[in-house]
Amino acid sequence: MTDLYQNLINGKWIDSGSGETFANINPADRDDIVGNFQDSTVADIEAAVAAAQQARSGWRALGAPRRGEILARAARLIERDLEKIAAGLTREEGKTLPEARGETARAVQIFDYFAGEGRRLSGETTPSEFGRTLLYTVREPLGVVGLITPWNFPVAIPAWKLAPALVSGNTVVLKPASGAPLTALNIVRALEEAGLPAGVLNFVTGSGSVAGVGLVASGAVAGVSFTGSDTVGCGIYALVTGRGGKAQCEMGGKNPLIVLADADIDKAVELAINGAMWSTGQKCTATSRAIVHQSVVEEFTEKLLAGVADIRVGNGAEPETQVGPSIDETQLQTVLRYIDIGKEEGARLLAGGERLTDPPLDRGFFVAPTVFGDVTPQMRIAQEEIFGPVLAVIAVADFEEAMQVANSVRFGLSASICTRDLTRAMEFIDRIEAGLVHVNSPTVGAEVQVPFGGMKDSSTGTREQGRVAIDFYTEIKTVYLEY
Ligand code: NAP
Ligand code: MG
């Protein structure tokens with residue numbers, strides 16, 4: 001019997017009014033059904049929003065330090081259940097078990113970090129022009145917030161939205177991605193066990209087009225924080241801000257790794273493989289363009305291909321696996337379509353390029369790690385997000401051309417440069433159009449205590465993570481008190 005999972009509304013685990021469920025499939029083995037989840041309706045979303053409305057005053061009155069203590073308890077429970085959560089993550093999303101463990105440990109850090117914010121959620125006190133006047137600010141919660149998350153970081157992204165939302169005193173309706181809802185559910189269970197009052201956090205699964213749209217459209221939802229594709233994100237941003245709500249959208253990337261002539265080439269290759277291939281390239285911060293000085297492009301490519309040839313693709317639950325499957329058949333087909341586009345555009349396929357079908361890989365959605373050479377900056381494979389283990393190598397004549405190519409895309413999430421030249425590195429930091437900038441480190445990876453987000457079409461609204469995350473989830477009240 002396949003496990004059946006429910007929605008959490010007003011402290012009760014219940015079925016959707018639709019009477020329908022959808023199957024969450026293991027992308028490494030399509031016959032393995034991870035569980036059946038509620039295919040929720042707009043009425044379910046409305047019930048969740050109403051419960052969140054009801055819970056607002058009590059949650060706000062509890063005070064930030066006490067709210068933070070609940071987050072800290074949730075961190076300990078996630079830590080206790082780390083192995084179970086990580087195993088579920090690998091089973092439903094496909095990334096390797098070490099990656100899933102690392103991501104779950106990151107969620108623990110996020111809850112601990114924002115638990116501390118419960119005792120730091122401060123405004124400011126300033127001098128006043130007037131005598132006998134105390135002039136200060138306080139932060140207040142927005143009210144009910146809607147959180148919509150993608151499948152590629154099914155524990156980290158729900159955590160980095162939930163923790164600042166809750167500690168700030170908001171009540172929440174969370175709609176996780178249909179591709180990986182179990183991991184989000186496990187985090188919700190931890191928060192419930194940690195003592196979150198009924199209605200403060202409501203969890204509703206279902207399609208983006210019904211449950212997602214219903215949440216975004218609800219006039220009672222004061223803010224929506226979304227991570228996912230840029231088409232959906234831009235639509236959500238327009239809709240929510242159009243009705244006077246607050247929206248924050250983290251979307252795609254087309255992240256470059258620049259390799260200058262003086263770079264440590266072995267290190268550059270390591271950064272490229274890490275950024276492009278691990279997690280099957282399904283990271284918004286994945287490296288998808290290696291922009292390499294022409295004097296070292298041959299050495300770089302040769303060493304890159306040697307490294308890529310050694311990558312072991314398989315079921316993420318097996319210890320030798322380094323790269324798991326794409327999330328589903330649709331995503332796999334997208335990756336394969338881009339590989340065809342690259343070939344048609346005249347790029348040279350140097351590695352991979354096909355679906356892997358040797359048993360047992362035929363049971364899942366596996367694609368070989370793929371490298372294209374002779375890529376020019378305007379090719380679609382150099383401009384559009386692919387979200388698979390595909391790297392485009394672009395040769396450039398000098399630093400100027402590298403900068404121009406790096407900035408020639410509409411996205412601006414993350415960027416890295418490999419060089420030993422401090423002046424060049426500083427110039428890169430000044431001129432690169434990206435929210436996350438790396439020097440001799442991979443485009444991927446994020447620490448919880450600093451802001452995360454992009455420029456250009458990669459993000460809209462204020463940044464997530466770090467102390468600035470609180471800005472989205474609070475409003476500032478300015479107080480003039482004359483005594
Ligand atoms: P997606 O299709 O945009 O879905 C993201 C979430 O939105 C899912 O929960 C989805 O529900 C829901 N949704 C879909 N259509 C909706 C609508 N019209 N209204 C409201 N909600 C809707 O993206 P994805 O395929 O899950 O994720 C991959 C994308 O996310 C990539 O483009 C990647 O770059 C981006 N991403 C960005 C970041 C970042 O921080 N910048 C991080 C991770 C991923 P269903 O699952 O039910 O469709
Ligand atoms: Mg799945």
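Buried means under 20% relative accessible area, exposed means over 50%, and partly exposed is what falls in between (1.4 Å probe, protein chains only).

**Ground rules.** This is a predicted model, so I note that local features need pLDDT of at least 70 and side-chain atom pairs count only at pLDDT 80 or more, while totals for chains, interfaces and linings use all residues. Residues are numbered from 1 along each chain as its sequence is written, chains are lettered from A and ligands numbered from 1 in the order in which they are written, and side-chain values use heavy atoms, with hydrogens and water left out.

**Entry 1: Asn-186.** I looked up where Asn-186 sits and found it in helix 6 (residues 181-193). Helices here are DSSP runs of H or I with at least four residues, strands are runs of E with at least two, and both are numbered from the N terminus. Next I asked what Asn-186 touches, with contact meaning heavy atoms within 4.5 Å. Leaving out neighbours within four places in sequence, Asn-186 contacts Lys-84 and Ile-85.

**Entry 2: the magnesium ion.** Which protein atoms are donors to the magnesium ion (ligand 2)? I found Asn-24 (OD1), Ile-25 (O), Glu-92 (O) and Gly-179 (O), lying 2.3 to 2.6 Å from the ion. Donors are N, O and S atoms within 2.8 Å of the metal (3.2 Å for Na, K and Ca), and since water is not among the atoms, sites may look incomplete. Written along the sequence, the spacing of these donor residues is N-I-x66-E-x86-G. One pair ties together distant parts of the chain: Ile-25 belongs to strand 3 (residues 21-26) and Glu-92 to helix 3 (residues 82-93), 67 residues apart. Are these two buried or exposed? Ile-25 is partly exposed, because its relative accessible area is 34%. Glu-92 is buried, because its value is 0%.

**Entry 3: helix 2 against helix 4.** I checked how helix 2 (residues 64-80) packs on helix 4 (residues 97-117): the angle is about 160° and the axes are 8 Å apart. The axes are lines fitted to C-alpha atoms, for helices over the stretch in contact, and angles run from 0 to 180 degrees between N-to-C directions. So helix 2 is roughly antiparallel to helix 4. The cut-offs: under 35 degrees is roughly parallel, over 145 roughly antiparallel, 65 to 115 roughly perpendicular, and the rest oblique. Helix 2 passes helix 4 in a left-handed crossing. Left-handed means the near helix is turned anticlockwise from the far one by less than a right angle, and right-handed means clockwise. On the helix 2 side, the residues that meet helix 4 include Gly-68, Leu-71 and Ala-72, and on the helix 4 side they include Thr-104, Val-108 and Phe-111. By class, I get eight nonpolar, two polar and three charged residues in this contact. Nonpolar covers Ala, Val, Leu, Ile, Met, Phe, Trp, Tyr, Cys and Pro; charged covers Asp, Glu, Lys and Arg; the others, Gly among them, are polar.

**Entry 4: helix 3 against helix 4.** For helix 3 and helix 4, I noted an angle of about 125° and axes 8 Å apart. The two are therefore oblique to each other. Helix 3 passes helix 4 in a right-handed crossing. Among the residues making the contact are Leu-82, Glu-83 and Ile-85 of helix 3, plus Leu-97, Ala-100 and Arg-101 of helix 4. This contact divides into eight nonpolar, two polar and three charged residues.

Entry 5: Most residues other than glycine have a negative phi, and most peptide bonds are trans. Asn-10 has a positive phi of about 55° although it is not a glycine. Asn-10 sits in the loop between strand 1 (7-9) and strand 2 (12-14), and it is partly exposed at 39% relative accessibility. Gln-465 is not glycine either, and its phi is positive, near 65°. I found Gln-465 in the loop between strand 21 (459-460) and helix 15 (469-473), where it is buried at 1%. The peptide bond from Pro-359 to Pro-360 is cis, with omega near 5°. Pro-360 is in the loop between strand 14 (348-351) and strand 15 (370-373).
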